[in-house]
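Please read this note with the structure open beside you. The points are numbered so that each can be checked in turn.

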Amino acid sequence: MTATQLIAAIKKKKELQGIDDAVVERELQNVLTQHPSWNDDLSKPRSAIYALILKAVRASLRRKYGLFRTELLPPDLSPQELLSRHSSTKERLPFYQAMYQSIFNITGKPATILDLGCGLNPLSLPFMELKKVNYFAYDISKSEVDVLNKFFNSLPKNSLWKGKAQILDITDVEKVLGLPIADICFLFKVTDIVDRGHGHKRSEELMKAIPSHWVIVSFPTHTMSGKPMTAPRRKWMEWMCARLGWSYATFEFENEIVYVVRKS
Ligand SMILES: C[S@@+](CC[C@H](N)C(=O)[O-])C[C@H]1O[C@@H](n2cnc3c(N)ncnc32)[C@H](O)[C@@H]1O
């Protein structure tokens, strides 16, 4: 089986269909590097190793990218309907407006926004009440990126809202360093995924690399089973800010805590 055929087979699972081929290929190479003997069997027809490879790559993709959605996004839904298809954005619908108001009261209204690991969050642009904005959105998932570009491209030609979504693995710090300079960067509910199994070093490197003074980081305040967390504040964020001389403000909404961080 060729790498292309393996990638196609890995992506047969619904929740993995939206991931870019290059990301799947990189994960496949990681798995083959961890299990060098599996490489030898790849030339044999109908090798039992295929099933192991598929399982290992899929598990790794799910773990790394937090792919919990099991359906593809229907292409013809309105932005409002789409927002209710993603758990993070759905939960925020009752407080989106208040959340952006609280953030912009501190940062001022941004003219350029970066949104990393954006999911469908850029569709909440109308809640931001901005007259004019350049919105740069990045996610690992192709299906999210396609939906977002459809939304941005549907804005009237004379609209003062401009936006573009692109596929990006935000753990690639070199690429993050090269992103457009922005007034503000959203990192909503994504640092836990970036950090998984690596302490908080990756999030710290990411935040340092982001070409924006203001970084808005959010976290869930409920566990996966829906119970409120006993300690929703993220002490590591607060210690990191103190250590790096960054200032921050924090506020909580129903099921999300937001850190508004000013990098020095
Ligand atoms: C829990 S969702 C949060 C989405 C959005 N930020 C929000 O709060 O509405 C996590 C998102 O991060 C994306 N993601 C996970 N790992 C990523 C990576 N390494 N690079 C870019 N995006 C990633 C997933 O595809 C998913 O859309």
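1. Helices (H or I, at least four residues) and strands (E, at least two) are DSSP runs, numbered from the N terminus. The model is predicted, so local features need pLDDT of at least 70 and side-chain atom pairs count only at pLDDT 80 or more, while totals for chains, interfaces and linings use all residues. Residues are numbered from 1 along each chain as its sequence is written, and side-chain values use heavy atoms, with hydrogens and water left out.

2. A place to begin is Glu144, which sits in helix H8 (residues 142-153). Glu144 has a relative accessibility of 3% and therefore counts as buried, where buried means under 20% relative accessible area, exposed over 50% and partly exposed in between (1.4 Å probe, protein chains only). Between Glu144 and Asn121, 23 residues apart in sequence, the C-alpha to C-alpha distance is 9.8 Å.

3. How do helices H1 and H2 pack? Helix H1 (residues 3-10) meets helix H2 (residues 21-34) at an angle of about 105 degrees, and their axes are 10 Å apart; axes here are lines fitted to C-alpha atoms, for helices over the stretch in contact, and angles run from 0 to 180 degrees between N-to-C directions. H1 and H2 are therefore roughly perpendicular to each other, on a scale where angles under 35 degrees count as roughly parallel, over 145 as roughly antiparallel, 65 to 115 as roughly perpendicular and the rest as oblique. On the H1 side the contact (heavy atoms within 4.5 Å) is made by Ala3, Leu6, Ile7 and Ile10, and on the H2 side by Asp21, Val24, Glu25 and Leu28. The residues of this contact of H1 with H2 divide into six nonpolar, no polar and two charged, where Ala, Val, Leu, Ile, Met, Phe, Trp, Tyr, Cys and Pro count as nonpolar, Asp, Glu, Lys and Arg as charged, and the others, Gly among them, as polar.

4. Helix H12 (residues 235-244) has Trp236, Met237, Glu238, Met240 and Cys241 buried. The elements that cover the buried residues of H12 include helix H10 (191-195), helix H11 (201-209), strand E5 (212-220), strand E6 (247-253) and strand E7 (256-262). Just after H12 comes Gly245, with a positive phi of about 75 degrees.

5. How many disulfides does the whole structure hold? The search finds zero, a disulfide being a pair of cysteine sulfur atoms within 2.5 Å. For Cys241, the closest cysteine sulfur is in Cys185, 14 Å away, which is too far for a bond. For Cys185 in turn, the closest cysteine sulfur is in Cys118, and at 11 Å it is also too far for a bond. Cys185 has a relative accessible area of 0% and is buried, and Cys241, at 0% relative accessibility, counts as buried.

6. The structure holds twelve aromatic pairs. Rings of Phe, Tyr and Trp (its six-membered ring) pair if their centres lie within 6.5 Å, and planes under 30 degrees apart count as stacked, over 60 as edge-to-face and the rest as tilted. The ring centres of Phe151 and Phe152 are 5.4 Å apart with planes at 45 degrees, so this pair is tilted, and both Phe151 and Phe152 are buried. The ring centres of Phe251 and Phe253 are 5.8 Å apart with planes at 85 degrees, so this pair is edge-to-face, and both of these residues, Phe251 and Phe253, are buried. One aromatic cluster is formed by Tyr96, Tyr100, Phe104, Phe127, Phe186 and Phe188.

7. Two residues deserve a check of their backbone angles. Most residues other than glycine have a negative phi. Glu129, in the loop between strand E1 (112-116) and strand E2 (133-139), has a positive phi near 55 degrees, and at 38% relative accessibility Glu129 counts as partly exposed. Lys189, in the loop between strand E4 (182-188) and H10, has a positive phi near 50 degrees, and with a relative accessible area of 18% Lys189 is buried.

8. Two further positions can be located on the model. Leu120 lies in the loop between E1 and E2 and is buried, with a relative accessible area of 1%; the C-alpha atoms of Leu120 and Ala137, 17 residues apart in sequence, are 9.4 Å apart in space. Glu81, in helix H5 (residues 79-83), counts as partly exposed at 42% relative accessibility, and 26 Å separates its C-alpha atom from that of Lys12, 69 residues away along the chain.
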